[in-house]
Amino acid sequence: MSERRNEEQGRYRGFARRAVMLGGGQLLLLGALAGRMYYLQVVEAEKYKLLAEDNRINIRLLPPPRGRIVDRFGTPLAVNRQNYRVLLVSEQIRDLEASLDDLDRIVPLDEADRERIRKEITRKRNFVPVTVRENLSWEQVSRIEVNAPELPGVSIDVGETRHYPYGEILSHIVGYVAAVSEKELTGDPLLELPGFRVGKNGVEKLNDEALRGTAGTSHIEVNAVGRMIKELSRHEGHAGREVVLTIDSGLQSYIHQRLANEKSAAAVVLDVDNGEVLSLCSVPSYDPKPFNVGLSRQEWLGLVNDPLSPLSNKAISGLYAPGSTFKMMVALAALEAGLGADHKAYCPGFMRLGNHRFHCWKRGGHGSMDLTGAIQQSCDVWFYDVAKRIGIDRIAGMAERFGLGAPVGIDLPGERGGAMPTKAWKLANIGQAWLGGETLINAIGQGFVLTTPLQLAVMTARLATGKAVVPHVTRGLRGGGMPSLSIRLPAPSIEVPKAHLEVVRNAMDAVVNSARGTARGSAIQEPGWEMAGKTGTSQVRRITKAERDAGVIKNEDLPWRRRDHGLFVAYAPVDRPRYACAVVVEHGGGGSSAAAPIVKDILLETQRRDPLGNEPLPLVALGDGQKA
């Protein structure tokens, strides 16, 4: 009995222990659960509230208005306009192809448009709008709105697009914007916004980040699948900064019109004292608008395959032998080497070096020539003579001081540096030793010497002032706080004696304003506005001995691409230089007939307009959203 009782008591005690342990475990578990709930709901309440809000609220970036580009007087060169676009929501339509067919009757859609729309619909959720076409006309918008009941899922949206009031007149300077390419994606979410545009060329490209501005934000309430329910708040971004250029748009328009009759040409006008570019023109040009709205393949191929290269800014990237406009460099090198301005050479129409004859442009010769006469009448033999005495390296050293042979550093993309040969240059680039005859050919601006119209304008400005001015097209930025000036230190001296410069300037004066000057027919008659300059004719073909014996074929009798380039450089006024100009007319013939009359007209118009005498746009700070 007692054994049985003991046994039952043992079982009871074991059960009681297990019950206590189980109850304790339950209490411990309930305590841990309560503690965790307290931690999540009280201690971490704010954190999970924010996470829940993040699931409920989406933050979307709002593209900011792109900053304007204006000329030196505030005239708009690149602005924003309303962009009407038609959108399509795929979940609201029954038959995509039928809807596109209906739209095609109002807004023409080619197969490329349709394929793009199909791809976008596949990639995006079915409630996300897809852009069908941008830059609609008001008539197209009206027709879509009128037909809205028959166009389910189709709506009109209003955005912004870039507008260039001067079109092709300023496209090589201002540039254009276009859609962001894959290689341009940097992780900046602004670049991933649908329809966002970035600068692709010109000032639009160089100042792209300043022009972009700062994105705004929109807080959107969404449901579990991401569908928008309503906008909770909206904070507009800050517009991009305004870029103020040195360009005079009126002068640019005049020069573009003046060059309109030329197949291919370039012109540059500079302020000789500080290097401000007042005009930089290259024809033919291109319309920047299609790049913004989207070029068709046919349009793109038409531009890139055009033999006249309208996409090329010839003023900064066109390479031309400078011809006789280079002779001032040889004259200054000769003076620096110790040859006096009265150094004489006799010109019978050619110079013999070894077994070769090097001809002057004037078949019968110029007779006895000194420095002034050689520049005035552009005698080749005088320059052959001094070049043979001083050598190519001295000539190159002088030319480099005047901005030839390397990029001059203009604030535009695409500048090329040309070539200024030396003995070492030829050995490094061609692998051959320098020949004596090459010195003579290069001394008259032929051979290996290559320059851009911009370099020739810079050379002329430095001749006029003795200062190493650097060209630039940007005066500064406005808006977004304090203004940013285009900070530039005073131009240093080119380290050429004033007396030497004076000799060459007097000779350039004689080119235009004396009876024997090669550009006497283009002299400016208005008192106080006279120009000094130098003609240049750049050969693009070799003239054989047989042709010389029979008589050199005239340019007008040759196919256009075999005619000489015509060049002219000048500064004005002669007594107090303010403006420098360079013009190159591709295959235009002689510089005196093709280019000098254009420069005359340009410098006359420049002095009439007097852009340096008129007050430019002040670079004051503009507040956010304030217009100039």
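Arg85 and Glu134 are both buried, where buried means under 20% relative accessible area, exposed over 50% and partly exposed in between (1.4 Å probe, protein chains only). This is a predicted model, in which local features need pLDDT of at least 70, side-chain atom pairs count only at pLDDT 80 or more, and totals for chains, interfaces and linings use all residues. Residues are numbered from 1 along each chain as its sequence is written, and side-chain values use heavy atoms, with hydrogens and water left out.

Arg85 and Glu134 form a salt bridge, their closest N and O atoms being 3.5 Å apart; the term stands for a side-chain nitrogen of Lys or Arg within 4 Å of a carboxyl oxygen of Asp or Glu. Arg85 lies in strand E3 (residues 76-88) and Glu134 in the loop between strand E4 (130-133) and helix H5 (138-146), so the pair ties together parts 49 residues apart in sequence. Helices (H or I, at least four residues) and strands (E, at least two) are DSSP runs, numbered from the N terminus. By the salt-bridge rule, the count is 27.

Another salt bridge joins the side chains of Arg114 and Asp101, at 2.8 Å from N to O. Here Arg114 belongs to helix H4 (residues 111-123) and Asp101 to helix H3 (residues 96-104), 13 residues apart. Arg114 is buried, because its relative accessible area is 10%, whereas Asp101 counts as partly exposed at 34%. Both residues belong to a network of salt bridges that also links Glu97, Glu111, Glu115 and Arg118.

Arg105 pairs with Asp102 in a salt bridge, with the closest N and O atoms 2.7 Å apart. Arg105 is exposed at 58% relative accessible area, and Asp102 is partly exposed at 30%.
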